[in-house]
Amino acid sequence: MKTRVLGLVALVAVATTTVIGLFVVPADLNQGDAQRIMYPHVASAWLAYLSFGVTALAGIGWLWKRDLRLDSVALAGAEIGVMFTFFAIWGGMMWGRPIWGVFWQWEDPRLTTTALLLALYVGYLLLRRLTDDPERRATRAAIVGVVAAVDIPIVHFSVEWWRGLHQTATIASPDRVLDPAAPGIFILTLLGTVAAFTLTWMYLMIRRYQLAQVSLAREEAARMDLLMSVRNAEVAR
Amino acid sequence: MTDAGFVIAAYGVIIGGLGLYVVTLWRRIRAARKGR
């Protein structure tokens, strides 16, 4: 019931911030309407980081505690993170074409390391399909999830470490937000969209975790059935 | 394509994709609980 309420609140929040981002906030003086794409783009990028961070932490938790519930959390983070990484890349491409003149540039460190992040976690999800043994699967996935998370700070700081098309941090640099001051409605809409997407992320994480737990229980039941049938066959002999 | 076209393409895929993922997740949960 609480999860349903969370889902409803998230739905209203996303709908509201989408309408504000598209129709209420004025167009940017320099970038025009294309700047509206920044609201869901930044929110998606933040949630990609958060999701993969959760996957890495839950993976460490599994390696330490050997609790399969942590593996379900890691799986939820990876799947949802892949989706938000794709959204961040897609939004960035749709913004890049009118503003930079190109959809994509492989020489840009932020774009390339983000594409690598997506590939790493798609690989993580594929790796999980290689075995039916839940414990072996969780261990392999945890190792890959932790190693792949090394790319998160590389993606984030790539704009500071190397030169490319992508601009350096905006919200994290007070001098860039305050001088000249960004209009309050731009900042509020951005933060509101980040909050709305984060609520949605929480809802999705809960639901994806529930699915992982149900699937795990079904796998366990199937394994027990198989064991029982083998045992019965041995007894009958 | 105009700026508005890029904005529609961005929001359409992101918001539409979120909605599609939610619906798919519900269906997957229901199917798993029913044992399908």
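Trainee: Before I count anything, what counts as a helix and what as a strand?
Mentor: A helix is a DSSP run of H or I with at least four residues, and a strand is a run of E with at least two; both are numbered from the N terminus. Keep in mind that this is a predicted model.

Trainee: How many helices and strands does chain A have, then?
Mentor: Chain A has 8 helices and 0 strands. Along the sequence the pattern reads α-α-α-α-α-α-α-α.

Trainee: And how many in chain B?
Mentor: Chain B has 1 helix and 0 strands.

Trainee: Let's take a pair of helices. At what angle do H2 and H3 of chain A pack?
Mentor: H2(A), residues 38-65, and H3(A), residues 68-100, pack at an angle of about 155°, and their axes are 7 Å apart. Angles over 145 degrees count as roughly antiparallel, so H2(A) is roughly antiparallel to H3(A).

Trainee: Left-handed or right-handed crossing?
Mentor: H2(A) passes H3(A) in a left-handed crossing. The residues of that contact divide into 18 nonpolar, 11 polar and 2 charged.

Trainee: Can you give me one residue there? Where is A:Val54?
Mentor: A:Val54 is in helix H2 of chain A.

Trainee: Buried or exposed, and why?
Mentor: A:Val54 has 21 C-beta neighbours inside 10 Å. Buried takes 20 or more, so A:Val54 counts as buried.

Trainee: What does A:Val54 touch?
Mentor: Leaving out residues up to four places away in sequence, A:Val54 touches A:Val73 and A:Gly77. The C-alpha atoms of A:Val54 and A:Ala74 are separated by 6.5 Å, although the two residues are 20 apart along the chain.

Trainee: What sits in the loop between H2 and H3 of chain A?
Mentor: A:Arg66 has its place in that loop. A:Arg66 is not a glycine, yet its phi is positive, about 60°. With 12 C-beta neighbours inside 10 Å, A:Arg66 counts as exposed, because the cut-off for exposed is 12 or fewer.

Trainee: Now H3(A) itself. How many of its residues are buried?
Mentor: Of the 33 residues of H3(A), 28 are buried, so the helix is largely enclosed by the rest of the structure. The 33 residues should span 48 Å at 1.5 Å a residue, and the end C-alpha atoms are 46 Å apart, which agrees. After H3(A) comes A:Gly101, with a positive phi near 95°.

Trainee: What about H4(A)? Which of its residues are buried?
Mentor: Among them are A:Pro109, A:Leu111, A:Leu117, A:Tyr121 and A:Tyr124. The buried residues of H4(A) pack against H2, H3, H5 and H6 of chain A.

Trainee: Which residues of H1(B) are buried?
Mentor: They are B:Asp3, B:Phe6, B:Val7, B:Ala10, B:Ile14 and B:Leu18.

Trainee: What does a helix turn have to do with spacing like that?
Mentor: An α-helix has 3.6 residues a turn, so residues three or four places apart point the same way.

Trainee: What covers the buried residues of H1(B)?
Mentor: The cover includes H2, H3 and H8 of chain A.

Trainee: Last one: what span should H1(B) have?
Mentor: At 1.5 Å a residue, its 32 residues should span 46 Å, and the end C-alpha atoms are 46 Å apart, which agrees. Just after H1(B), B:Gly35 has a positive phi of about 85°.

Terms used:
Residues numbered from 1 in each chain as written. Chains lettered and ligands numbered in written order. Predicted model: local features only at pLDDT ≥ 70, side-chain atom pairs only at ≥ 80, totals over all residues. Axes fitted to C-alpha atoms, helices over the stretch in contact; angles between N-to-C directions. Parallel < 35°, antiparallel > 145°, perpendicular 65-115°, else oblique. Left-handed = near helix turned anticlockwise from the far one by under 90°. Nonpolar A, V, L, I, M, F, W, Y, C, P; charged D, E, K, R; others polar. Expected span 1.5 Å × (residues − 1). Contact = placed C-beta atoms within 7 Å.
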